Amino acid sequence: MTKSELIKTIAEKVDGVTQEKAKEVVGVVLDEITDALVSGDRVQFVGFGTFEVKERAAREGRNPQTGETMQIASSKNVKFKAGKELKDKVNA
């Protein structure tokens with residue numbers, strides 16, 4: 001499902017909501033999730049799952065073409081852990 005498909009589905013399923021309004025709501029929700037993650041907060045939707053930023057430490061790696069050792073910088077990555085209800089529905 002793409003963002004535009006989600007917007008269309010919301011507009012179809014919720015009475016009185018146009019695609020423009022659904023697009024605005026989806027945009028605000030995604031912006032708020034992004035802002036919370038940027039500021040270091042966890043975003044948890046009970047039953048659905050949790051988004052969290054994890055830090056990967058700097059480490060030494062190898063260039064697969066040359067075999068040369070190189071330094072890989074530390075980075076932050078967004079992790080998602082599915083909630084129990086989501087896992088149960090997917091596995092049903």
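Me: What is the volume of the largest pocket?
Reply: In this predicted model, the largest pocket has a volume of about 190 Å³.

Me: Which residues line the largest pocket?
Reply: The lining consists of Leu6, Ile10, Val25, Val26, Val29, Leu30, Ile33, Phe45, Phe48 and Phe51.

Me: Is Val26 buried or exposed?
Reply: Val26 is buried, its relative accessible area being 8%. The cut-off for a buried residue is under 20%, so Val26 falls into that class at 8%.

Me: Which residues is Val26 in contact with, leaving aside its neighbours within four places in sequence?
Reply: On that basis, Val26 is in contact with Lys3, Leu6, Ile7 and Ile10.

Me: Staying with helix 2, what about Glu20? Is Glu20 buried or exposed?
Reply: Glu20 also lies in helix 2, but Glu20 is exposed, with a relative accessible area of 60%. Val26, by contrast, is buried.

Me: How far apart in space are Glu20 and Ile7?
Reply: Their C-alpha atoms are 8.4 Å apart, while the two residues are 13 residues apart in sequence.

Me: Changing topic to the whole chain: how many helices and strands does the protein chain have?
Reply: The protein chain has 3 helices and 5 strands. Along the sequence, these follow the pattern α-α-β-β-β-β-β-α.

Me: Why is the chain described as more spread out than a compact globule?
Reply: The radius of gyration is 19 Å, whereas the globule rule gives 12 Å for 92 residues; the value is well over the rule, so the chain is more spread out than a compact globule.

Me: What box do the C-alpha atoms fill?
Reply: Taken along the principal axes, the C-alpha atoms fill a box of roughly 60 × 30 × 30 Å.

Me: What share of the residues is buried?
Reply: Buried residues make up 15% of the 92 residues. The accessible surface of the chain comes to about 7,600 Å², and 53% of that surface belongs to carbon and sulfur atoms.

Me: And the contacts between residues at least 6 apart in sequence: what percentage joins residues at least 24 apart?
Reply: Among those contacts in the protein chain, the figure is 30%.

Me: On to the strands. Where is Thr50, and is Thr50 buried or exposed?
Reply: Thr50 lies in strand 2, and counts as buried at 14% relative accessibility.

Me: What does Thr50 touch, not counting residues up to four places away in sequence?
Reply: Thr50 touches Arg42, Val43, Gln44, Lys79, Phe80 and Lys81.

Me: What about Val46, then: where does Val46 lie?
Reply: Val46 lies in the loop between strand 1 (43–45) and strand 2 (49–56). Val46 is exposed, with a relative accessible area of 76%. The C-alpha atoms of Val46 and Thr69 are separated by 43 Å, the two residues being 23 residues apart along the chain.

Me: Is Glu60 buried or exposed?
Reply: Glu60 is exposed, with a relative accessible area of 62%. The C-alpha atoms of Glu60 and Asn91 are separated by 38 Å, at 31 residues apart along the chain.

Note on methods:
Residues are numbered from 1 along each chain as its sequence is written. This is a predicted model: local features need pLDDT of at least 70, side-chain atom pairs count only at pLDDT 80 or more; totals for chains, interfaces and linings use all residues. Side-chain values use heavy atoms; hydrogens and water are left out. On a 1 Å grid over the protein atoms alone, a cavity is a set of points where a 1.4 Å probe fits but cannot get out, and a pocket is an open set with protein on both sides within 12 Å along at least five of seven lines; lining residues have an atom within 4 Å of a point. Grid points are joined across faces, edges and corners, and a volume is the space filled by probe spheres set on the points. Helices (H or I, at least four residues) and strands (E, at least two) are DSSP runs, numbered from the N terminus. The radius of gyration is taken over C-alpha atoms; the globule rule is 2.2 Å times the number of residues to the power 0.38. Buried means under 20% relative accessible area, exposed over 50%, partly exposed in between (1.4 Å probe, protein chains only). Contact means heavy atoms within 4.5 Å. Accessible areas come from the Shrake-Rupley method with a 1.4 Å probe; for residues, only the protein chains shown count as cover.
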